[in-house]
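This briefing takes up the strand pairing, the nonpolar core, the ligand surroundings and the backbone details of one structure. Please keep the sequence and the model in view while reading.

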Amino acid sequence: MKTRQVGDKESLFHFWGRYLQKVATGLVSLLSGMGVTIRYFVSPDKIITQQYPENRENLQMMARFRGHLAMIHDENNQHRCTGCGICEKACPNGTISVLTAKDLAGRKVLGRYIYRLSQCTLCNLCIESCPFGAISMGRDFELATYDRQQLTFILNKTQGGK
Ligand code: SF4
Ligand code: SF4
C-alpha cells in the first residue's frame with residue numbers, strides 16, 4: 001500500500017513537472033513572437049513582407065527570383081552568346097532551340113535563340129552550363145497568358161527578339 005502511494009506521488013510530480021515545462025515553453029514562444037511584432041511595429045522600414053498586388057507598380061523582385069530565361073545584352077545591344085548550343089543540351093525538356101547562322105566570314109554565329117516559357121521549369125541548368133555567362137533569369141512576373149504562342153520568345157534582341 002505504501003509503495004503505491006509513493007508511485008502516485010512520483011507520477012503526480014512528473015505530471016506537474018511536464019505541465020510547468022510546457023507553460024514555460026509557451027511563454028517563451030509567445031514573448032519571442034511578440035518581440036518580432038513589436039520590432040516591426042517600431043521600425044516599419046525593416047518589414048520585408050510585400051503588400052502585393054497593391055505595390056505591383058514599383059515591386060522589385062529579389063535577385064534570386066527566377067522569372068524566365070533572358071539573354072544579357074550590353075548598352076550597345078550586344079550579347080555574349082556564341083551559339084555553341086551547350087545550354088540547349090543541358091536543358092532537360094527541350095525548352096531552348098539555338099539556331100545558328102554564318103557571318104560574312106563564314107564563322108558560325110547565333111541566328112535565333114528560341115525559348116519556350118511554357119515548357120520551362122526554371123531549373124537554372126542552362127544558366128549554369130553556359131561557359132560565357134550569356135544568359136540569366138529575368139525578374140519579370142505576372143507572365144501568365146491565355147495564348148500559349150505568347151510564351152515563345154526570341155531572346156537575342158539583335159535578331160529582332162522581344
Ligand atoms: S531553366 Fe531549366 S527548363 Fe528552363 S530553359 Fe533552362 S534548363 Fe531548360
Ligand atoms: S547561351 Fe551560352 S551555352 Fe547557350 S548557346 Fe549561348 S553561349 Fe552557348
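In this predicted model, three strands form an open sheet in the order β2-β3-β5, and their pairing is antiparallel. The edges of the sheet are taken by β2 (96-102) and β5 (152-154), each of which pairs on one side only. On average, neighbouring strands of the sheet are turned by 20 degrees against each other, when direction is ignored.

**Strand pairing**

- The antiparallel pair of β2 and β3, the latter covering residues 108-116, is joined by seven bridges.
- Within this pair, Leu99 has Arg112 of β3 as its bridge partner, Thr100 is bridged to Leu110, and Ala101 stands opposite Val109.
- Five residues lie between the strands in the hairpin of β2 and β3, and in this hairpin Gly106 takes a positive phi near 85 degrees.
- On the other pairing, β3 and β5 run in the antiparallel sense over three bridges, and Tyr115 finds its bridge partner in Phe153 of β5.

**Domains and nonpolar core**

- The domain assignment of the protein gives domain 1 as residues 2-46 and domain 2 as residues 69-159, and the centres of the two domains, taken over C-alpha atoms, are separated by 55 Å.
- The largest nonpolar core consists of 14 residues, and those with the most contacts inside it are Met71, Ile96, Tyr113, Cys126 and Ile135.
- At least two residues of this core come from each of β1 (69-71), β2 and β3, with β3 giving the most, namely three residues.
- As background, nonpolar side chains in soluble globular proteins tend to be buried together.

**Surroundings of the ligands**

- Around ligand 1 there are 13 residues, of which Cys91, Thr95, Cys120, Cys123 and Cys126 come nearest.
- The shell of ligand 1 divides by class into nine nonpolar and four polar residues, with no charged residue.
- Ligand 2 is surrounded by Cys81, Thr82, Gly83, Cys84, Gly85, Ile86, Cys87, Val98, Cys130, Phe132, Ala134 and Ile135.
- For ligand 2 the shell holds nine nonpolar and three polar residues, and again no charged residue is found in the shell.

**Backbone details**

- Most residues other than glycine have a negative phi, and most peptide bonds are trans, a background against which the following places may be read.
- The peptide bond from Tyr52 to Pro53 is cis, with omega near 10 degrees, and Pro53 has its place in the loop between α1 (2-42) and β1.
- Asn77, a residue other than glycine, has a positive phi near 70 degrees and lies in the loop between β1 and α2 (86-90).
- Asn77 counts as exposed because it has 9 C-beta neighbours inside 10 Å, where the cut-off for this class is 12 or fewer.
- Leu122, likewise not a glycine, has a positive phi near 60 degrees, and its place is in the loop between β3 and α3 (125-129).
- With 13 C-beta neighbours inside 10 Å, Leu122 counts as partly exposed, since that class lies between the limit of 12 or fewer for exposed residues and that of 20 or more for buried ones.

Technical notes. Residues numbered from 1 in each chain as written. Chains lettered and ligands numbered in written order. Predicted model: local features only at pLDDT ≥ 70, side-chain atom pairs only at ≥ 80, totals over all residues. Pairing = 2+ DSSP bridges. Helix = DSSP H or I, 4+ residues; strand = E, 2+ residues; numbered from the N terminus. Axes fitted to C-alpha atoms, helices over the stretch in contact; angles between N-to-C directions. Near = placed C-beta within 6 Å. Nonpolar A, V, L, I, M, F, W, Y, C, P; charged D, E, K, R; others polar. Domains from an automatic or database assignment. Core = buried A, V, L, I, M, F, W, Y, C linked by C-beta atoms within 7 Å.
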